[in-house]
Amino acid sequence: MTSEQITAAAAGTWNLGDLPVNRIGFGAMRLTGSAAFHHGEPSDRGRSTAVLRQAIELGVNHIDTAAFYFSSLRSANELINSALAPYPEGLVIATKVGPHREFSGEWGTAARPDQLRGQVEENLRQLGRDHLDVVYLRRMRQDSIAEHFGALAELRDAGLIRHLGVSGIESRHLAEARAIAPVVSVQNQYGLDFPDPETDAVVRACGEQGIAFVPFFAIAGKGGARGASGTADDEVAAVARAHGATPAQVRLAWTLRQGPHVLAIPGTGNPDHLTENVAAGALRLTDTETARLDARHTRGK
């Protein structure tokens with residue numbers, strides 16, 4: 001396949017509440033350095049700015065970020081603000097709260113419910129906005145999310161947040177949240193190389209309930225925040241060759257094939273990778289290829 005002239009619209013659309021987005025979006029985690037968080041080397045500011053503007057030119061209208069996405073020199077939120085403000089009409093920016101990082105980059109104690117307003121306001125400040133389009137509560141191992149999610153629901157009622165999502169959850173947490181306030185999206189680690197029966201169940205539940213499922217690390221798989229290994233197994237490589245595509249594009253295409261409610265937010269600081277990621281929205285796997293990859297996902301290798 002060729003990446004020329006392919007925009008994010010090729011993947012189709014889904015609504016986050018009343019906000020329509022293309023199913024291929026952009027994750028801001030890797031804008032700040034060669035690897036996420038405090039791993040790797042800080043990014044070049046000009047290159048990161050160019051990638052963000054290129055994403056908009058390619059039709060991306062859904063950006064996923066967080067105040068805790070920063071390296072020793074760069075903050076993803078402030079890069080987004082400086083590169084894109086005044087924001088294009090229709091651009092949806094989703095962020096998340098719950099985790100906390102110290103200025104050193106190390107992870108600190110997760111926020112209590114009464115501290116979530118401060119995290120929301122910090123995202124507002126960094127992004128230069130008067131409200132946040134979508135805010136995820138990232139579960140931090142707590143058994144119940146009711147108190148934390150209830151605190152975000154109050155901020156939604158106050159007008160600081162438009163729509164709510166949950167992240168890092170099991171099916172029972174989705175039911176718990178929906179009993180408090182509407183949930184427009186769920187964000188869990190999920191991908192072809194990351195088998196997890198519980199998350200598979202969450203994907204199905206979201207589809208049945210008309211909720212977006214927005215996986216992270218869809219390309220990186222088990223590599224997580226440090227990125228993909230750069231190698232492809234024989235099955236993925238064979239599908240990629242059949243389509244003239246890259247293994248990363250096959251992983252994204254498989255992710256989107258899991259249902260019309262499944263979105264993708266691949267992140268990169270590389271303009272060539274950005275173009276390839278967006279183009280993956282036009283890659284149509286055959287039923288046979290999908291079945292083969294589904295089986296591979298289930299067995300985990």
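**Salt bridges and a helix pair**

Student: What do the side chains of R172 and D143 meet in?

Tutor: They meet in a salt bridge, 3.1 Å from N to O. A salt bridge here is a side-chain nitrogen of Lys or Arg within 4 Å of a carboxyl oxygen of Asp or Glu. This is a predicted model: local features need pLDDT of at least 70, side-chain atom pairs count only at pLDDT 80 or more, and totals for chains, interfaces and linings use all residues. Residues are numbered from 1 along each chain as its sequence is written, and side-chain values use heavy atoms, with hydrogens and water left out.

Student: Where do R172 and D143 lie?

Tutor: R172 is in helix α5 (residues 171-178). D143 is in the loop between β6 (132-138) and α4 (146-157), so the pair ties together parts 29 residues apart in sequence. Helices (H or I, at least four residues) and strands (E, at least two) are DSSP runs, numbered from the N terminus.

Student: Is D143 buried or exposed?

Tutor: D143 counts as exposed, at 56% relative accessibility. R172 is partly exposed, at 42%. Buried means under 20% relative accessible area, exposed over 50%, partly exposed in between (1.4 Å probe, protein chains only).

Student: How many salt bridges does a search of the whole structure find?

Tutor: It finds 14. One of them pairs R162 with D18, the closest N and O atoms being 3.0 Å apart.

Student: Why does that pair tie together parts apart in sequence?

Tutor: Because R162 lies in strand β7 (residues 161-167), while D18 lies in the loop between β1 (13-16) and β2 (19-22). Those parts are 144 residues apart in sequence. R162 is partly exposed, with a relative accessible area of 36%. D18 is partly exposed too, at 47%.

Student: And D133 with R129: buried or exposed?

Tutor: Both are buried. Their side chains form a salt bridge as well, at 3.1 Å from N to O.

Student: New topic. At what angle do helix α1 and helix α9 cross?

Tutor: Roughly 20°, with the axes of α1 (residues 45-57) and α9 (residues 271-279) coming within 10 Å. Axes are lines fitted to C-alpha atoms, for helices over the stretch in contact, and angles run from 0 to 180 degrees between N-to-C directions.

Student: Which residues make the contact?

Tutor: From α1, R47, V51, Q54 and A55; from α9, P271, L274 and T275. Contact means heavy atoms within 4.5 Å.
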